[in-house]
Amino acid sequence: MRKATVRCPALLKTVILTSTMSQFLLTLSRFTAQKQTVDHEAGGGLARLLGQIGLVGKRIAQDLRRAGLIDILGTTGEVNVQGETVKKLDEIANETFLKVFHQSEHVCALASEEMEKPVLLPENWPQAQYMLLFDPLDGSSNTDCNMPLGTIFSVVKSKHKDQMPTMDDLVCNGSEQVAAGYLLYGASTMLVYTIGQGVHGFTLDPGIGEYLLSHEQIRIPDRGKIYAVNEGNYHQWPEGTKKYFDYLKMKDSATGRPYRGRYSGCLVADVHRILIGGGIYLYPGELDKPEGKLRLLYEANPLAWIVEQAGGKASTGAMRILDVEAKQLHQRVPLIIGSANDVRDAVAFNQGRRES
Ligand code: AHG
Ligand code: MN
Ligand code: MN
C-alpha cells in the first residue's frame, strides 16, 4: 500500500489517532465470537452470558450516574447475610442481576453476596448449564460519596448433565471457574473478563451503548510500587504481615521503596489499578478474624483467576487462592493479590521465611 506522506504534523497525529482508534471498534460480542472460542462446547452460551453481564453493567452504571438525583443513596435499614448494613444500591444492583438472568436461558442458578441462599432456575435447565455467582456492588462504603464501585462475577458449570444442579453445586473451587471478571464504575465503565485465554478489557461507550475493546491481553507488571490495604487494621494483623508492611515503608531506592499507599475502599478499583500498573492489594486475616473479610466464591476466586491470567499471583498468605477448598457459599478468605514478585515477597514474610 503506498505510504501517504503527510507534511503537517497535526494532521499526521490525527491520521495515526483515527487509524488506531478505528481498529478499536471491536465490540464485546464480536470479540468473544471472533477471537475467543468462548464456549467449552458449541452454542455460544458463554459469549451470550458475558453479553448479559454487560447489560447488567450498563444498567448499574446508569443508576450510579443519577444516584444523587433520585432517592437511591443511603441504606435500606436491613442487615445482610454478611452481617453488613445493606445500601439501597446493593439491593438495586442485586435486583438488576435477577431481572436480567431470570429472563435468560443462560444460567440455571444464581448466587449473590446479597442473598443468603442461591436462586435455582429450573425453567432454564437443561439448555442452561452455567451457574453465576456475583458480588453485585463491590465497595458499598463508597456509594454516598461518589467514589469508585464495582461488580464481580464468577461462572461455573453444572457438573450433572442429566439433573438440575443443587445449591451445593455452586460451591466450587476457584480452579473450576469457566469465566470470571468484573465491572468497574469509575471515570469510565469497564468490563474486564477472562475465560482462561488471557484478560481483556472493554470500555463502555455510553453514546452508542457498546463495550469496545480498549485493553486487549492485559499483562500485570512483575513488580509495582503501590500497596492497597486498610492500614487501620495494622495491629490486628499476624506478625509476618506487619513485618512485610514495615519493610515496604522503609526507604531503599534500589528496591523502589517506600511503596505508595493507594486504597479506595473498593476491591475492584484497587485490583484494576494494580492489574494495569503493578503492586499489591491485601486484606489479611486478623487476630480475631483469621479468615479475613473478603468472600472466596464471588470476590477472591474471580479476581485471583483474572490476576493469574494476566501473569500475577493471588494467595491467602498460606496457599494459592484458586486451590482453596470451597466449603460454603459465603466463606471468607484472607487475600494477597497483585504482581507476582510482590505477592511472593508478602507470602515469604507471612510464612516467616523473610524478616527483611
Ligand atoms: P463489599 O462492598 O462488596 O462488601 O466489598 C467491600 C470490600 C472491598 O471492596 C474493599 O476493598 C473492602 O471491603 C473494604 O473493607 P474495609 O472498609 O474494611 O477496608
Ligand atoms: Mn465486595
Ligand atoms: Mn458487595
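Tutor: Buried means under 20% relative accessible area, exposed over 50%, and partly exposed in between, with a 1.4 Å probe and protein chains only. Asp135 is buried, as is Leu137. The model is predicted: local features need pLDDT of at least 70, side-chain atom pairs count only at pLDDT 80 or more, and totals for chains, interfaces and linings use all residues. Side-chain values use heavy atoms, without hydrogens and water; residues are numbered from 1 along each chain as its sequence is written, while chains are lettered from A and ligands numbered from 1 in the order written.

Student: Which residues coordinate the manganese ion (ligand 3)?

Tutor: Donors are N, O and S atoms within 2.8 Å of the metal (3.2 Å for Na, K and Ca); water is not among the atoms, so sites may look incomplete. Here Glu113 (OE), Asp135 (OD) and Leu137 (O) coordinate the ion at 2.1 to 2.2 Å, with the sequence spacing E-x21-D-x1-L. Asp135 also bridges this ion and the manganese ion (ligand 2), the two lying 3.7 Å apart.

Student: What is the strand order of the open sheet?

Tutor: Strands of a sheet pair through backbone hydrogen bonds, either parallel or antiparallel. Strands (E, at least two residues) and helices (H or I, at least four) are DSSP runs numbered from the N terminus, and two strands pair if DSSP finds at least two bridges between them. The 8 strands follow the order β4-β3-β5-β6-β7-β8-β9-β10, with mixed pairing. At the edges, β4 (119-120) and β10 (210-215) each pair on one side only.
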